[in-house]
Amino acid sequence: STDGMYGLFGKSEAVLISRWRVFRFCSRLIMPILLMLSLAVAGRAVAATETVDGITWSYSILNDEACIGSAMPPYELAIDRQLTGEISIPTVLGGKAVTRIGRYAFDGCDGITSVEIQQTVKVIVDNAFRGCSGIRSVKIPSCVGVLSEVFPSAPAITNVVICTGTTEISDGEFCRCQELQSVEIPDSVVKIGNSAFCGCGKLQAIEIPDRVVRIGDCAFSGCVKLRQVDIPVGVLEIGSEAFSQCTSLSEVTIPENVLSIGSGAYAGCSGLTSVKILTKHFNYNAFTGCSAITEVEMGVAISLSAMFPTSYQTITNVVIHKELVDGGQMLFDNCTSLRTISIPASVEKLGSFKNCSALGSGVVVSDGCVLCVNGTCPPDIQLPVGTRMIARAAFLNRDDLKSIVIPEGVTTLG
(Lines give C-alpha, C1' and ligand atoms only; values in the text may rest on other atoms or scores of the structure.)
Protein backbone atom coordinates (compact mmCIF):
# COMPACT_ATOMS: atom_id res chain seq x y z
CA SER A 1 0.00 0.00 0.00
CA THR A 2 1.02 3.61 -0.45
CA ASP A 3 0.60 4.24 3.33
CA GLY A 4 3.44 1.85 4.05
CA MET A 5 5.67 3.69 1.64
CA TYR A 6 5.21 7.15 3.18
CA GLY A 7 7.69 6.34 5.92
CA LEU A 8 10.35 5.50 3.40
CA PHE A 9 9.54 7.89 0.57
CA GLY A 10 7.72 11.12 0.16
CA LYS A 11 4.12 11.08 -0.99
CA SER A 12 4.97 11.97 -4.61
CA GLU A 13 7.65 9.30 -4.82
CA ALA A 14 5.26 6.68 -3.49
CA VAL A 15 2.64 7.60 -6.06
CA LEU A 16 5.20 7.26 -8.85
CA ILE A 17 6.26 3.84 -7.63
CA SER A 18 2.64 2.74 -7.44
CA ARG A 19 1.99 3.91 -11.00
CA TRP A 20 5.12 2.13 -12.20
CA ARG A 21 3.87 -1.11 -10.72
CA VAL A 22 0.54 -0.68 -12.50
CA PHE A 23 2.32 0.05 -15.79
CA ARG A 24 4.60 -2.96 -15.43
CA PHE A 25 1.62 -5.22 -14.74
CA CYS A 26 -0.29 -3.89 -17.74
CA SER A 27 2.72 -4.19 -20.02
CA ARG A 28 3.19 -7.82 -19.07
CA LEU A 29 -0.44 -8.44 -19.95
CA ILE A 30 -0.72 -6.35 -23.11
CA MET A 31 2.67 -6.84 -24.81
CA PRO A 32 2.10 -10.50 -25.75
CA ILE A 33 -1.26 -9.53 -27.21
CA LEU A 34 0.33 -6.73 -29.24
CA LEU A 35 3.07 -9.11 -30.41
CA MET A 36 0.50 -11.64 -31.60
CA LEU A 37 -1.40 -8.93 -33.43
CA SER A 38 1.74 -7.68 -35.12
CA LEU A 39 2.68 -11.19 -36.27
CA ALA A 40 -0.79 -11.71 -37.63
CA VAL A 41 -0.61 -8.46 -39.57
CA ALA A 42 2.88 -9.36 -40.87
CA GLY A 43 1.65 -12.74 -42.17
CA ARG A 44 -1.59 -11.45 -43.58
CA ALA A 45 -2.07 -11.84 -47.31
CA VAL A 46 -2.92 -8.59 -49.10
CA ALA A 47 -5.32 -9.08 -52.04
CA ALA A 48 -4.96 -7.13 -55.29
CA THR A 49 -5.59 -7.30 -59.04
CA GLU A 50 -3.44 -6.57 -62.09
CA THR A 51 -3.97 -6.88 -65.83
CA VAL A 52 -1.24 -8.65 -67.79
CA ASP A 53 -1.52 -9.32 -71.54
CA GLY A 54 -5.24 -8.60 -71.47
CA ILE A 55 -6.03 -10.91 -68.55
CA THR A 56 -7.00 -9.48 -65.15
CA TRP A 57 -5.37 -11.52 -62.41
CA SER A 58 -6.46 -11.69 -58.79
CA TYR A 59 -3.54 -12.36 -56.50
CA SER A 60 -2.32 -11.88 -52.96
CA ILE A 61 1.00 -10.80 -51.49
CA LEU A 62 2.33 -12.91 -48.64
CA ASN A 63 5.83 -12.62 -47.20
CA ASP A 64 6.89 -10.39 -50.05
CA GLU A 65 5.89 -12.97 -52.69
CA ALA A 66 2.89 -13.12 -55.03
CA CYS A 67 0.35 -15.93 -55.00
CA ILE A 68 -2.05 -16.49 -57.90
CA GLY A 69 -5.52 -16.46 -56.36
CA SER A 70 -5.66 -16.56 -52.56
CA ALA A 71 -2.84 -17.66 -50.29
CA MET A 72 -5.26 -18.18 -47.38
CA PRO A 73 -8.96 -18.91 -46.94
CA PRO A 74 -11.39 -17.80 -48.18
CA TYR A 75 -10.06 -18.90 -51.58
CA GLU A 76 -10.94 -16.83 -54.63
CA LEU A 77 -10.66 -17.28 -58.40
CA ALA A 78 -7.55 -15.93 -60.07
CA ILE A 79 -9.24 -15.09 -63.38
CA ASP A 80 -12.67 -14.69 -64.94
CA ARG A 81 -14.23 -18.14 -65.14
CA GLN A 82 -15.49 -17.34 -68.64
CA LEU A 83 -11.95 -17.02 -70.00
CA THR A 84 -11.11 -19.47 -72.79
CA GLY A 85 -8.03 -20.66 -74.68
CA GLU A 86 -4.40 -20.57 -73.61
CA ILE A 87 -3.08 -18.87 -70.47
CA SER A 88 0.46 -18.22 -69.23
CA ILE A 89 0.99 -17.62 -65.53
CA PRO A 90 2.75 -14.25 -65.03
CA THR A 91 6.17 -14.34 -63.41
CA VAL A 92 5.63 -11.00 -61.61
CA LEU A 93 2.51 -9.40 -60.11
CA GLY A 94 2.47 -6.26 -58.01
CA GLY A 95 6.21 -6.03 -58.39
CA LYS A 96 6.64 -9.36 -56.59
CA ALA A 97 7.77 -12.69 -58.00
CA VAL A 98 4.95 -15.18 -58.50
CA THR A 99 5.98 -18.23 -56.48
CA ARG A 100 2.66 -19.85 -55.59
CA ILE A 101 -0.70 -20.85 -57.11
CA GLY A 102 -3.43 -21.03 -54.49
CA ARG A 103 -6.07 -23.65 -53.92
CA TYR A 104 -9.05 -23.44 -56.32
CA ALA A 105 -7.36 -20.55 -58.18
CA PHE A 106 -8.82 -21.81 -61.48
CA ASP A 107 -11.75 -23.78 -60.10
CA GLY A 108 -14.29 -24.54 -62.83
CA CYS A 109 -12.45 -22.67 -65.60
CA ASP A 110 -13.38 -25.32 -68.13
CA GLY A 111 -12.73 -23.05 -71.13
CA ILE A 112 -8.95 -23.11 -70.59
CA THR A 113 -7.21 -25.40 -73.07
CA SER A 114 -3.52 -24.80 -72.30
CA VAL A 115 -1.57 -23.65 -69.24
CA GLU A 116 2.05 -22.52 -69.07
CA ILE A 117 3.60 -22.36 -65.60
CA GLN A 118 7.15 -21.07 -65.27
CA GLN A 119 9.89 -22.56 -63.11
CA THR A 120 9.66 -19.54 -60.75
CA VAL A 121 6.53 -21.09 -59.23
CA LYS A 122 7.60 -23.15 -56.22
CA VAL A 123 4.25 -24.24 -54.80
CA ILE A 124 1.04 -25.31 -56.52
CA VAL A 125 -1.60 -26.14 -53.96
CA ASP A 126 -3.81 -29.21 -54.46
CA ASN A 127 -6.89 -28.65 -56.62
CA ALA A 128 -5.54 -25.38 -58.01
CA PHE A 129 -7.02 -26.38 -61.38
CA ARG A 130 -10.06 -28.31 -60.16
CA GLY A 131 -12.80 -28.58 -62.76
CA CYS A 132 -10.57 -27.45 -65.65
CA SER A 133 -11.83 -30.24 -67.88
CA GLY A 134 -10.80 -28.52 -71.13
CA ILE A 135 -7.05 -28.47 -70.45
CA ARG A 136 -5.14 -30.59 -72.95
CA SER A 137 -1.63 -29.15 -72.81
CA VAL A 138 0.46 -28.01 -69.84
CA LYS A 139 3.95 -26.68 -69.22
CA ILE A 140 4.84 -27.42 -65.63
CA PRO A 141 7.69 -26.70 -63.20
CA SER A 142 9.40 -29.22 -60.94
CA CYS A 143 7.14 -28.45 -57.95
CA VAL A 144 4.04 -30.14 -59.37
CA GLY A 145 4.47 -33.51 -57.63
CA VAL A 146 1.57 -35.72 -58.68
CA LEU A 147 -0.18 -34.15 -61.66
CA SER A 148 -3.63 -35.44 -60.75
CA GLU A 149 -3.48 -33.70 -57.36
CA VAL A 150 -2.96 -30.32 -59.03
CA PHE A 151 -5.03 -31.08 -62.15
CA PRO A 152 -7.86 -33.41 -61.07
CA SER A 153 -8.78 -33.61 -64.76
CA ALA A 154 -5.25 -34.83 -65.59
CA PRO A 155 -6.50 -37.99 -67.38
CA ALA A 156 -7.64 -35.69 -70.24
CA ILE A 157 -4.26 -33.97 -70.71
CA THR A 158 -2.55 -34.97 -73.97
CA ASN A 159 0.69 -32.96 -74.03
CA VAL A 160 3.13 -32.04 -71.26
CA VAL A 161 6.28 -29.91 -71.33
CA ILE A 162 8.43 -30.05 -68.20
CA CYS A 163 10.33 -26.83 -67.41
CA THR A 164 14.08 -26.62 -67.87
CA GLY A 165 15.83 -26.92 -64.53
CA THR A 166 13.68 -29.79 -63.28
CA THR A 167 15.95 -32.54 -61.94
CA GLU A 168 13.48 -35.25 -61.02
CA ILE A 169 10.14 -36.56 -62.20
CA SER A 170 8.28 -37.43 -59.01
CA ASP A 171 6.87 -40.82 -58.10
CA GLY A 172 3.51 -41.23 -59.80
CA GLU A 173 3.64 -37.74 -61.32
CA PHE A 174 1.88 -38.70 -64.56
CA CYS A 175 0.48 -42.04 -63.44
CA ARG A 176 -2.69 -43.02 -65.34
CA CYS A 177 -2.83 -39.89 -67.47
CA GLN A 178 -4.69 -42.01 -69.96
CA GLU A 179 -4.81 -39.45 -72.79
CA LEU A 180 -1.16 -38.38 -72.52
CA GLN A 181 0.50 -38.71 -75.94
CA SER A 182 3.71 -36.68 -75.71
CA VAL A 183 6.08 -35.50 -72.99
CA GLU A 184 9.09 -33.23 -73.34
CA ILE A 185 11.65 -33.94 -70.61
CA PRO A 186 14.47 -31.38 -70.20
CA ASP A 187 18.13 -32.35 -70.17
CA SER A 188 18.34 -31.35 -66.50
CA VAL A 189 16.39 -34.43 -65.33
CA VAL A 190 18.54 -37.11 -63.65
CA LYS A 191 15.87 -39.38 -62.17
CA ILE A 192 12.52 -40.75 -63.32
CA GLY A 193 10.53 -41.80 -60.26
CA ASN A 194 8.59 -44.93 -59.49
CA SER A 195 5.35 -45.24 -61.50
CA ALA A 196 6.06 -41.84 -63.07
CA PHE A 197 4.24 -42.72 -66.32
CA CYS A 198 2.51 -45.91 -65.22
CA GLY A 199 -0.65 -46.63 -67.19
CA CYS A 200 -0.23 -43.85 -69.77
CA GLY A 201 -1.93 -45.97 -72.38
CA LYS A 202 -1.61 -43.54 -75.32
CA LEU A 203 2.04 -42.55 -74.86
CA GLN A 204 3.81 -43.69 -78.05
CA ALA A 205 7.35 -42.36 -77.68
CA ILE A 206 9.50 -40.68 -75.08
CA GLU A 207 13.04 -39.34 -75.15
CA ILE A 208 14.97 -39.99 -71.96
CA PRO A 209 17.69 -37.34 -71.40
CA ASP A 210 21.34 -38.36 -71.35
CA ARG A 211 21.79 -37.29 -67.71
CA VAL A 212 19.23 -39.73 -66.32
CA VAL A 213 20.86 -42.30 -64.02
CA ARG A 214 17.81 -44.09 -62.66
CA ILE A 215 14.53 -45.26 -64.17
CA GLY A 216 12.25 -46.17 -61.26
CA ASP A 217 10.13 -49.21 -60.55
CA CYS A 218 7.08 -49.41 -62.83
CA ALA A 219 8.12 -46.08 -64.38
CA PHE A 220 6.52 -46.91 -67.75
CA SER A 221 4.58 -50.02 -66.81
CA GLY A 222 1.44 -50.51 -68.86
CA CYS A 223 2.31 -47.95 -71.55
CA VAL A 224 0.83 -50.29 -74.13
CA LYS A 225 1.41 -48.01 -77.15
CA LEU A 226 5.01 -47.12 -76.35
CA ARG A 227 6.93 -48.24 -79.43
CA GLN A 228 10.47 -47.08 -78.79
CA VAL A 229 12.56 -46.08 -75.79
CA ASP A 230 16.29 -45.46 -76.08
CA ILE A 231 18.09 -46.05 -72.78
CA PRO A 232 20.95 -43.50 -72.51
CA VAL A 233 24.44 -44.78 -71.79
CA GLY A 234 24.46 -42.93 -68.46
CA VAL A 235 21.62 -44.97 -66.94
CA LEU A 236 22.86 -47.08 -64.02
CA GLU A 237 19.61 -48.63 -62.81
CA ILE A 238 16.45 -49.90 -64.49
CA GLY A 239 13.86 -50.60 -61.80
CA SER A 240 11.64 -53.63 -61.32
CA GLU A 241 8.84 -53.77 -63.91
CA ALA A 242 10.06 -50.45 -65.31
CA PHE A 243 8.74 -51.31 -68.80
CA SER A 244 6.51 -54.27 -67.98
CA GLN A 245 3.45 -54.79 -70.20
CA CYS A 246 4.73 -52.34 -72.82
CA THR A 247 3.29 -54.61 -75.45
CA SER A 248 4.17 -52.39 -78.45
CA LEU A 249 7.91 -52.26 -77.72
CA SER A 250 9.75 -54.10 -80.48
CA GLU A 251 13.42 -53.39 -79.65
CA VAL A 252 15.41 -53.00 -76.44
CA THR A 253 19.04 -52.03 -75.96
CA ILE A 254 20.48 -52.09 -72.44
CA PRO A 255 23.79 -50.17 -72.37
CA GLU A 256 26.93 -51.63 -70.85
CA ASN A 257 27.03 -49.09 -67.99
CA VAL A 258 23.79 -50.37 -66.44
CA LEU A 259 24.59 -51.88 -63.04
CA SER A 260 21.14 -53.15 -62.09
CA ILE A 261 18.13 -54.48 -63.99
CA GLY A 262 15.13 -55.08 -61.75
CA SER A 263 12.97 -58.18 -61.71
CA GLY A 264 10.39 -58.14 -64.50
CA ALA A 265 11.86 -54.99 -66.03
CA TYR A 266 10.44 -55.98 -69.44
CA ALA A 267 8.00 -58.65 -68.31
CA GLY A 268 5.03 -59.17 -70.60
CA CYS A 269 6.43 -57.16 -73.51
CA SER A 270 4.83 -59.54 -75.97
CA GLY A 271 5.80 -57.48 -79.05
CA LEU A 272 9.51 -57.51 -78.27
CA THR A 273 11.50 -59.14 -81.08
CA SER A 274 15.05 -57.81 -80.66
CA VAL A 275 17.08 -57.56 -77.45
CA LYS A 276 20.61 -56.23 -76.97
CA ILE A 277 22.08 -56.73 -73.51
CA LEU A 278 25.41 -54.93 -73.53
CA THR A 279 25.93 -55.07 -69.76
CA LYS A 280 27.27 -57.92 -67.67
CA HIS A 281 24.69 -57.19 -64.97
CA PHE A 282 21.39 -58.88 -65.69
CA ASN A 283 18.32 -60.39 -64.07
CA TYR A 284 16.96 -63.78 -65.10
CA ASN A 285 13.41 -62.55 -64.57
CA ALA A 286 13.75 -59.40 -66.64
CA PHE A 287 12.13 -60.82 -69.81
CA THR A 288 9.49 -63.23 -68.54
CA GLY A 289 6.46 -63.36 -70.81
CA CYS A 290 8.34 -61.98 -73.84
CA SER A 291 7.28 -64.67 -76.28
CA ALA A 292 8.25 -63.14 -79.65
CA ILE A 293 12.01 -62.52 -79.31
CA THR A 294 13.95 -63.68 -82.37
CA GLU A 295 17.23 -61.71 -82.26
CA VAL A 296 19.60 -61.47 -79.31
CA GLU A 297 22.92 -59.71 -78.85
CA MET A 298 24.77 -60.13 -75.58
CA GLY A 299 28.11 -60.47 -73.90
CA VAL A 300 27.26 -62.42 -70.75
CA ALA A 301 27.69 -66.10 -70.01
CA ILE A 302 24.10 -67.23 -69.51
CA SER A 303 21.64 -69.84 -70.64
CA LEU A 304 19.25 -68.51 -73.25
CA SER A 305 16.48 -70.70 -71.87
CA ALA A 306 17.00 -69.19 -68.41
CA MET A 307 17.19 -65.60 -69.60
CA PHE A 308 14.30 -65.87 -72.06
CA PRO A 309 12.13 -68.64 -70.61
CA THR A 310 9.17 -67.99 -72.91
CA SER A 311 11.04 -67.25 -76.13
CA TYR A 312 14.29 -69.21 -76.25
CA GLN A 313 12.73 -71.58 -78.77
CA THR A 314 11.79 -68.67 -81.06
CA ILE A 315 15.27 -67.10 -81.13
CA THR A 316 16.76 -67.38 -84.61
CA ASN A 317 19.86 -65.16 -84.50
CA VAL A 318 22.46 -64.59 -81.78
CA VAL A 319 25.39 -62.18 -81.73
CA ILE A 320 28.01 -62.37 -79.00
CA HIS A 321 29.42 -58.89 -78.45
CA LYS A 322 33.19 -59.14 -78.74
CA GLU A 323 33.91 -56.28 -76.34
CA LEU A 324 31.96 -57.78 -73.46
CA VAL A 325 32.64 -61.50 -73.59
CA ASP A 326 33.93 -62.57 -70.18
CA GLY A 327 35.23 -66.03 -71.04
CA GLY A 328 32.19 -67.86 -69.70
CA GLN A 329 30.15 -70.45 -71.55
CA MET A 330 27.09 -69.56 -73.58
CA LEU A 331 24.42 -72.23 -73.32
CA PHE A 332 22.18 -72.76 -76.33
CA ASP A 333 20.58 -76.14 -75.60
CA ASN A 334 17.10 -76.65 -77.05
CA CYS A 335 17.11 -73.38 -79.03
CA THR A 336 15.28 -75.19 -81.78
CA SER A 337 14.85 -72.13 -84.03
CA LEU A 338 18.46 -70.93 -83.85
CA ARG A 339 19.78 -70.50 -87.39
CA THR A 340 22.78 -68.17 -87.14
CA ILE A 341 25.25 -67.24 -84.46
CA SER A 342 28.12 -64.76 -84.66
CA ILE A 343 31.09 -65.61 -82.44
CA PRO A 344 34.07 -63.22 -82.34
CA ALA A 345 37.65 -64.39 -82.10
CA SER A 346 37.86 -63.24 -78.48
CA VAL A 347 35.53 -66.04 -77.31
CA GLU A 348 37.54 -68.75 -75.55
CA LYS A 349 34.76 -71.02 -74.33
CA LEU A 350 31.53 -72.06 -75.91
CA GLY A 351 28.59 -73.94 -74.46
CA SER A 352 26.43 -76.71 -75.82
CA PHE A 353 24.19 -76.60 -78.91
CA LYS A 354 22.19 -79.68 -78.04
CA ASN A 355 18.94 -80.01 -80.02
CA CYS A 356 19.60 -76.89 -82.11
CA SER A 357 17.98 -78.58 -85.06
CA ALA A 358 17.66 -75.45 -87.21
CA LEU A 359 21.37 -74.66 -87.30
CA GLY A 360 21.82 -76.75 -90.45
CA SER A 361 23.04 -80.10 -91.59
CA GLY A 362 26.48 -81.67 -91.48
CA VAL A 363 29.28 -79.87 -89.64
CA VAL A 364 27.93 -76.51 -88.50
CA VAL A 365 30.71 -73.92 -88.23
CA SER A 366 30.49 -70.26 -87.27
CA ASP A 367 33.49 -67.95 -87.24
CA GLY A 368 35.90 -70.84 -86.86
CA CYS A 369 33.85 -72.58 -84.16
CA VAL A 370 32.41 -76.05 -84.72
CA LEU A 371 29.00 -75.77 -83.09
CA CYS A 372 27.59 -79.21 -83.73
CA VAL A 373 27.86 -82.21 -85.99
CA ASN A 374 24.43 -83.32 -87.12
CA GLY A 375 23.35 -86.80 -88.14
CA THR A 376 23.73 -86.13 -91.87
CA CYS A 377 27.54 -86.29 -91.55
CA PRO A 378 29.34 -89.50 -92.54
CA PRO A 379 31.05 -91.56 -89.82
CA ASP A 380 34.45 -90.27 -90.94
CA ILE A 381 34.74 -86.50 -90.40
CA GLN A 382 37.43 -84.04 -91.36
CA LEU A 383 36.89 -80.65 -89.77
CA PRO A 384 37.54 -77.67 -92.06
CA VAL A 385 40.82 -75.79 -92.11
CA GLY A 386 40.59 -72.66 -89.99
CA THR A 387 38.71 -74.30 -87.16
CA ARG A 388 39.89 -72.83 -83.85
CA MET A 389 37.31 -74.11 -81.39
CA ILE A 390 34.97 -77.06 -80.91
CA ALA A 391 31.89 -76.42 -78.81
CA ARG A 392 30.94 -78.60 -75.87
CA ALA A 393 28.72 -81.51 -76.89
CA ALA A 394 29.43 -80.85 -80.58
CA PHE A 395 29.47 -84.61 -81.23
CA LEU A 396 26.68 -85.48 -78.85
CA ASN A 397 24.63 -88.56 -79.90
CA ARG A 398 27.06 -89.43 -82.72
CA ASP A 399 27.89 -92.93 -81.50
CA ASP A 400 28.40 -93.95 -85.14
CA LEU A 401 31.52 -91.82 -85.64
CA LYS A 402 34.61 -93.78 -86.62
CA SER A 403 37.22 -91.08 -87.15
CA ILE A 404 37.69 -87.32 -86.74
CA VAL A 405 40.48 -85.28 -88.32
CA ILE A 406 41.14 -82.08 -86.39
CA PRO A 407 43.22 -79.49 -88.26
CA GLU A 408 46.06 -77.46 -86.84
CA GLY A 409 45.03 -74.23 -85.21
CA VAL A 410 42.36 -75.65 -82.90
CA THR A 411 42.98 -74.08 -79.50
CA THR A 412 39.88 -75.00 -77.53
CA LEU A 413 37.92 -78.23 -77.10
CA GLY A 414 34.52 -77.87 -75.41
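This tour moves through a predicted model, from a sheet to aromatic rings and then to charged pairs. Local features need pLDDT of at least 70 and side-chain atom pairs count only at pLDDT 80 or more, while totals for chains, interfaces and linings use all residues. Residues are numbered from 1 along each chain as its sequence is written, and side-chain values use heavy atoms, with hydrogens and water left out.

**The sheet**

Strands here are DSSP runs of E with at least two residues, helices are runs of H or I with at least four, and both are numbered from the N terminus; two strands pair if DSSP finds at least two bridges between them.

Next, select residues 112–116 and 137–140, which are strand 7 and strand 9, running parallel and joined by three bridges. Within this pair of strands, Ser 114 stands opposite Ser 137. Now show the side chains of Glu 116 and Lys 139, which form a salt bridge whose closest N and O atoms are 3.6 Å apart (a side-chain nitrogen of Lys or Arg within 4 Å of a carboxyl oxygen of Asp or Glu). Because Glu 116 lies in strand 7 and Lys 139 in strand 9, the pair ties together parts that are 23 residues apart in sequence.

**The aromatic rings**

Select Trp 57 and Phe 106, an edge-to-face aromatic pair with 6.2 Å from centre to centre and 80° between the planes. Rings of Phe, Tyr and Trp (its six-membered ring) pair if their centres lie within 6.5 Å, and planes under 30 degrees apart count as stacked, over 60 as edge-to-face and the rest as tilted. Both Trp 57 and Phe 106 are buried, where buried means under 20% relative accessible area, exposed over 50% and partly exposed in between (1.4 Å probe, protein chains only).

Then select Phe 174, Phe 197, Phe 220, Phe 243, Tyr 266, Phe 287 and Phe 308, which form one aromatic cluster.

**Another charged pair**

Finally, select Asp 107 and Arg 81, whose side chains meet in a salt bridge (3.9 Å, N to O). Asp 107 counts as buried at 17% relative accessibility, whereas Arg 81 is partly exposed, with a relative accessible area of 38%.
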